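Reader: Could you walk me through this model, please? I'd like to start with how it is put together.

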Amino acid sequence: MPPDRELRARLEARDRGLRRLRALTTWLVVGAAGLAAAFAGLAAHSAPGRKATRATLLRATTTRPKRVPPPPALPALGSDYATTPSAPVQAPSPAVSAPVVVSGGS
Amino acid sequence: VSPVTHTLRALGTTATVCVADPDGLGAAGDVLERELAEVDEACSRFRPDSELSRLNAAPDRAVPVGRRLLEAITVALRAAAGTGGLVDPTVGRTLRLAGYDRTFELVAGRDPSAFRPRFEAVPGWRQVEVDAARGTVRVPSGVELDLGATAKALAADRIAREAAAASGSGVLVALGGDVAVAGEAPEDGWSVRVADNHAAPLDGPGEDVSIRSGGLASSGTAVRRWRAGAAELHHIVDPRTGRPAETPWRTVSVAAGSCVDANVASTAAVVLGASAPAWLERRGLPARLAGSDGSVVRTGGWPEEAA
């Protein structure tokens with residue numbers, strides 16, 4: 001192959017390579033931007049910020065029936081007081097001595 | 001040695017401390033009197049200067065409260081949460097409108113024809129906001145707290161514990177129908193008569209049982225009743241209706257791990273009505289339910305009446 005043809009062929013090959021590289025770069029940029037947008041949307045949906053929550057709640061109150069609010073957090077107490085009434089260590093037994101007090105309505 | 005007792009009037013009812021060792025009676029009696037005074041100042045709905053009255057009169061604000069009231073409200077909210085709202089401290093307003101707006105002696109003495117009762121829906125315990133770190137409580141407008149279902153029982157538990165420590169003796173404390181014991185019990189346990197009225201004589205009708213720990217409480221519709229207009233009312237409000245509970249039970253007595261738990265369970269049982277025995281049985285709570293028709297149902301290993 002003559003030198004000038006060989007040179008042209010090499011230049012064309014280089015230009016084709018550069019075009020492919022530019023196209024690939026463009027697609028990569030577009031793809032990255034798309035993925036970033038998708039992840040941002042996903043994150044905003046799963047963990048909304050304060051403003052977004054308020055807007056959602058405002059819409060909810062106008063379009064949905066009112067929900068029962070969740071129970072408030074109760075302050076901690078000593079272990080003597082369970083959340084539900086606790087059974088005694090030992091059930092009452094028949095009395096064998098005279099009573100000292102009366103338990104009844106008051 | 002037989003247990004000895006010290007009795008006085010407080011919180012609109014009878015308060016008794018009983019010690020297994022007679023030498024400990026003085027110390028135990030001091031604890032009883034001091035604690036009752038503090039509870040009355042903090043939790044009374046009928047004293048305009050009590051912390052609770054000031055809280056009820058200041059809606060929509062975070063009101064600083066003392067540790068007694070903070071604990072009493074917290075325990076009341078836990079009772080509400082633990083019973084699915086069957087025992088709810090926000091019954092105060094409907095109870096007041098129904099006529100229970102002053103000490104019971106005054107309610108019972110009022111001319112029934114001069115008062116027309118009203119009833120309102122119960123707002124629900126979720127409306128109450130407690131900030132334990134700041135020591136504040138906020139109730140919204142229209143919400144009034146009544147701690148009658150739990151504050152006395154809470155006081156009985158605390159007095160029993162502190163009196164046992166101060167006296168070095170086994171102690172029983174009874175505030176109205178709410179009984180708490182602490183320390184080493186007498187050899188035969190603490191013998192308690194279960195009846196419709198806590199003020200009944202010790203040799204009157206009733207069943208005797210023995211307890212060694214925890215608490216025993218009775219709730220009923222037979223004693224705290226009043227007439228208002230043409231209606232006859234009682235003090236146990238069904239939070240689902242805002243009206244005095246319609247129940248087949250005259251008196252329900254429950255033994256539990258603490259006096260608070262016993263009182264919460266006995267009050268919930270009155271409100272629940274016919275399904276109360278199954279509810280108590282599921283929780284393993286020994287109970288005696290006396291029906292208005294004279295029947296008696298026992299659950300959770302409550303002993304049969306001695307022949």
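Author: Happy to! Chain A has two helices and two strands, taken as DSSP runs numbered from the N terminus (helices H or I, at least four residues; strands E, at least two). This is a predicted model, where local features need pLDDT of at least 70, side-chain atom pairs count only at pLDDT 80 or more, and totals for chains, interfaces and linings use all residues. Residues are numbered from 1 along each chain as written, chains are lettered from A and ligands numbered from 1 in written order, and side-chain values use heavy atoms, without hydrogens and water. Along the sequence, the pattern of chain A is α-α-β-β.

Reader: In chain A, where is confidence lowest?

Author: Confidence here is pLDDT, the predictor's score for each residue from 0 to 100. Chain A averages 73, and strand 1 (residues 93-94) of chain A is highest at 96. The lowest mean, 40, belongs to helix 2 (residues 50-63) of chain A.

Reader: How many contacts beyond four places in sequence does the model have for residues 50-66 of chain A?

Author: A contact means heavy atoms within 4.5 Å. Over residues 50-66 of chain A, pLDDT stays under 50. For that stretch, the number of such contacts is one.
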